[in-house]
Every structure is written in C-alpha cells, then in structure tokens.
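Dear colleague,

Please find the structure below for your records. My notes on it follow.

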Amino acid sequence: MRQATTTTGGPTLSTQSRPGRRLIQLYVGLGLYGASSALLVEAGLGLEPWGVLHQGLAELTGLSIGVVSIIVGAAVLLLWIPLRQRPGLGTVSNVFVVGIAMDATLAAVPAVHGLVVQVPLLLAGIALNGVATGLYIAAGFGPGPRDGLMTGLHRRTGRSIRLMRTAVEVAVVVTGFALGGTIGIGTVLYAVSIGPLAQLFLRVFAVPPASEGSTVVATGQPQGAILRP
C-alpha cells in the first residue's frame with residue numbers, strides 16, 4: 001500500500017482512501033482551528049505568532065481579524081509559486097474556512113473580563129487548537145499555507161525547518177506586535193504546548209489504512225512543519 005511520507009522521507013500517517021471521513025476531519029478541524037484562534041483573541045492574554053500579525057493588521061486596516069487571516073493566507077499561498085510548492089484541497093480550504101470560523105466565533109462569544117474567565121478561555125483555546133491541528137493534518141489533504149511556506153523555504157535554502165519556522169515566526173510576531181497585536185503569557189504557553197498537543201491528536205485522529213485495493217486520493221503533507229522541526 002502507498003503511504004504518505006514526512007519531510008525527511010520516512011513513513012507517517014496513512015492517507016489511504018476513506019475520503020468521506022477525511023473530508024469531515026478536514027473541515028471540522030479547520031473550523032475548530034478558527035474557533036480556537038478566536039478564543040485566544042477573546043482571552044486577551046496573548047496570541048499564537050500568526051494571530052499576533054493578523055490582529056495587528058486588523059487594528060491597522062479596520063478589517064475583521066478573520067478577513068485579515070484570509071488575505072494573509074492568500075498572500076502566503078502566492079509565495080508558494082517561486083518555492084514550487086503544490087497546494088492541496090486542505091491548503092486552499094485553510095485560507096477561507098479558518099478566517100470565516102474565526103469571525104463567526106468572535107461574533108458569538110461575548111467579551112470577557114478578569115483572569116478568572118480569561119485563563120480558562122486561554123487554556124481552552126490552546127487545547128482546542130491542538131485538537132484542530134491533529135484533525136486537519138491527519139486528514140491528509142495538504143498543509144496550511146503558512147506551514148507549506150516553511151517547508152518550501154527549507155527545501156529551497158537547505159536550512160532546517162526549525163530555523164525557517166523560527167525565523168518566519170519571529171518576524172511575524174515582531175511585525176504584528178509593532179502593529180498592535182497582543183503578545184503575552186498565552187503566546188509563550190502556545191509555543192511550548194502546541195507541538196506535543198498536535199502530535200497527540202495526530203495519533204488520535206489518524207485515519208486507519210484502507211484495504212489493498214483501495215484508491216489513493218491524497219498524498220502526504222509536511223507534518224514536520226508543525227511537529228518535528
């Protein structure tokens with residue numbers, strides 16, 4: 001049977017068949033990712049790196065943070081062209097679904113005040129983000145635009161994914177903070193916990209291999225961009 005491979009060439013989670021389950025995983029995962037990002041915004045204790053940039057640009061432009069997320073995702077996807085990266089269904093869906101889900105969640109969740117509410121909301125947002133990451137990556141329909149940017153830079157420059165991820169996300173955080181994005185304890189907690197959480201939920205939501213005669217409907221994605229830099 002054909003398997004997906006990691007960026008280092010080794011076998012990883014099977015992306016064999018089961019298209020119905022995988023599509024559900026993809027869109028539930030992307031929706032939850034947007035919702036989790038919105039919870040981090042509502043908590044007000046610090047955002048994930050790209051969230052800092054999105055919030056800063058939203059402050060600058062007056063657009064909603066979800067719309068900014070869509071615009072930034074589309075712009076990053078354009079950078080895949082010189083890097084010779086190929087987007088999948090999950091890549092294109094990521095651009096739109098996450099931003100829409102983020103704005104919808106922000107409209108539905110009331111503003112919160114006080115650490116007694118902010119801290120649980122922050123923790124819930126980080127945990128949900130880990131669940132969402134595991135869901136949509138395990139679906140095997142391609143990485144998000146930002147993850148693909150990092151792996152593309154890795155392939156083109158020969159530098160490690162760890163270095164590329166660090167360089168990109170430091171630049172993103174600094175730019176976002178300068179524009180008014182929120183950095184705090186939540187930013188640090190997200191950075192140290194998202195890798196283990198995503199790895200855990202990748203295992204939980206792995207799609208079981210199909211029979212030998214099944215049709216391969218998608219190939220692997222660079223999980224290393226998130227989990228093994």
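**Findings**

A58 counts as buried because its relative accessibility is 14% (buried means under 20% relative accessible area, with a 1.4 Å probe and protein chains only). This is a predicted model, in which local features need pLDDT of at least 70 and side-chain atom pairs count only at pLDDT 80 or more, while totals for chains, interfaces and linings use all residues. Residues are numbered from 1 along each chain as its sequence is written, and side-chain values use heavy atoms, leaving out hydrogens and water.

A58 belongs to helix α2 (residues 49-61); helices are DSSP runs of H or I, at least four residues, numbered from the N terminus. Leaving aside residues up to four places away in sequence, A58 touches L63, S64, I65 and V68 (heavy atoms within 4.5 Å).

The structure holds one salt bridge, defined as a side-chain nitrogen of Lys or Arg within 4 Å of a carboxyl oxygen of Asp or Glu. E169 forms a salt bridge with R165, with the closest N and O atoms 3.3 Å apart. Because they are four residues apart in helix α8 (residues 161-178), about one helical turn separates E169 and R165. Both E169 and R165 are buried.

The largest cavity holds about 360 Å³ of space (on a 1 Å grid over the protein atoms alone, a cavity is a set of points where a 1.4 Å probe fits but cannot get out; lining residues have an atom within 4 Å of a point; a volume is the space filled by probe spheres set on the points, which are joined across faces, edges and corners). Of its 27 lining residues, Y33, E48, W50, R146 and Y190 are the closest to its centre.

Notes:
Helices (H or I, at least four residues) and strands (E, at least two) are DSSP runs, numbered from the N terminus. Buried means under 20% relative accessible area, exposed over 50%, partly exposed in between (1.4 Å probe, protein chains only). On a 1 Å grid over the protein atoms alone, a cavity is a set of points where a 1.4 Å probe fits but cannot get out, and a pocket is an open set with protein on both sides within 12 Å along at least five of seven lines; lining residues have an atom within 4 Å of a point.
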